[in-house]
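User: I'm new to protein structures and would like to learn how to read one. Could you walk me through it?

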Amino acid sequence: MVRKATSRTLWKSSVFAVMAMPAALLLWQWALVAQGQPSEMLGANPVQATVLKTGEFAMRALLISLTISPLASLFGKPQLIAYRRMLGLFAFFYASLHGLSHIGLDHFFSAKTLLEDLLKRWPITLGFAAWAALVPLAVTSTSKMIRRIGAKRWKKLHQLVYALAVVAIVHNVLITKGWQVEPLVHAAVLAALLIYRMAGRPRLVKLPRPAKVQQA
């Protein structure tokens, strides 16, 4: 039992390290920029690159978190569910970095500019709406909050993640200049996940049927 718990902890630590790696890499690249050195990742416009990169990281984390339940069901691996909460929180973390990069680095925390963006640039409005919808999901992600609001209410609340994912995808597609492959791939992945849910969550791995008892 102890060995199993240790293995689970190691796996969680590994997943955490992988998901935190983009943020660490981004911080390292900014350290290079601060020292006047070139950054291949951030290019000639570090601010714009940071806004775009954090948005990409948020979108990937969100989609990965949404694939956990289908994978657990398809392959009969319920233990995968243990990683869903962490992945969802990373999606919120990168989405928050994305918003802060836009507001802080790009607009220097100007409330006036932010308000103009929200009122006049509806792709920005969609992005803000998707982030705002992530806030209650992140806040209620703890076991204590699940017990407080009840499992049924918690489940209904967290089903909103698919609606906000659609809004985030639309934001991702519209905010990207020109037709690029990555936003379309994100949209295709989300479409596949929605189709899977509407299909009744079929399973690839089925439990073996009990052997029939032969009558004498």
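Here is a short chat about reading this predicted model, from its helices to its pockets.

User: Where do I start? How many helices and strands are there?

Analyst: Start with the secondary structure. This protein has nine helices and zero strands, so read in the DSSP sense of the terms, the order from the N terminus is simply α-α-α-α-α-α-α-α-α.

User: What share of the residues counts as buried?

Analyst: Buried here means under 20% relative accessible area. In this protein, 31% of the 216 residues fall in that group.

User: How much of the contacting is between residues 24 or more positions apart?

Analyst: Take the contacts with a separation of 6 or more: 64% of them join residues 24 or more positions apart.

User: Now the pockets. What is the volume of the largest pocket, and which residues lie nearest its centre?

Analyst: Its volume is about 1000 Å³. The lining has 38 residues, with Val51, Gly55, His98, His171 and Ile175 nearest the centre. α3 gives the largest share, nine residues. Sorted by class, the lining holds 20 nonpolar, 13 polar and five charged residues.

User: And what about the second largest pocket: which residues lie nearest its centre?

Analyst: Those are Ser69, Arg84, Trp154, His158 and Val161, out of 28 lining residues. The second largest pocket has a volume of about 770 Å³. Its lining counts 16 nonpolar, seven polar and five charged residues, and the elements that each supply at least two of the lining residues include α7 (151-158).

Key: Residues are numbered from 1 along each chain as its sequence is written. This is a predicted model: local features need pLDDT of at least 70, side-chain atom pairs count only at pLDDT 80 or more; totals for chains, interfaces and linings use all residues. Side-chain values use heavy atoms; hydrogens and water are left out. Helices (H or I, at least four residues) and strands (E, at least two) are DSSP runs, numbered from the N terminus. Buried means under 20% relative accessible area, exposed over 50%, partly exposed in between (1.4 Å probe, protein chains only). Contact means heavy atoms within 4.5 Å. On a 1 Å grid over the protein atoms alone, a cavity is a set of points where a 1.4 Å probe fits but cannot get out, and a pocket is an open set with protein on both sides within 12 Å along at least five of seven lines; lining residues have an atom within 4 Å of a point. Grid points are joined across faces, edges and corners, and a volume is the space filled by probe spheres set on the points. Ala, Val, Leu, Ile, Met, Phe, Trp, Tyr, Cys and Pro count as nonpolar, Asp, Glu, Lys and Arg as charged, and the others, Gly among them, as polar.
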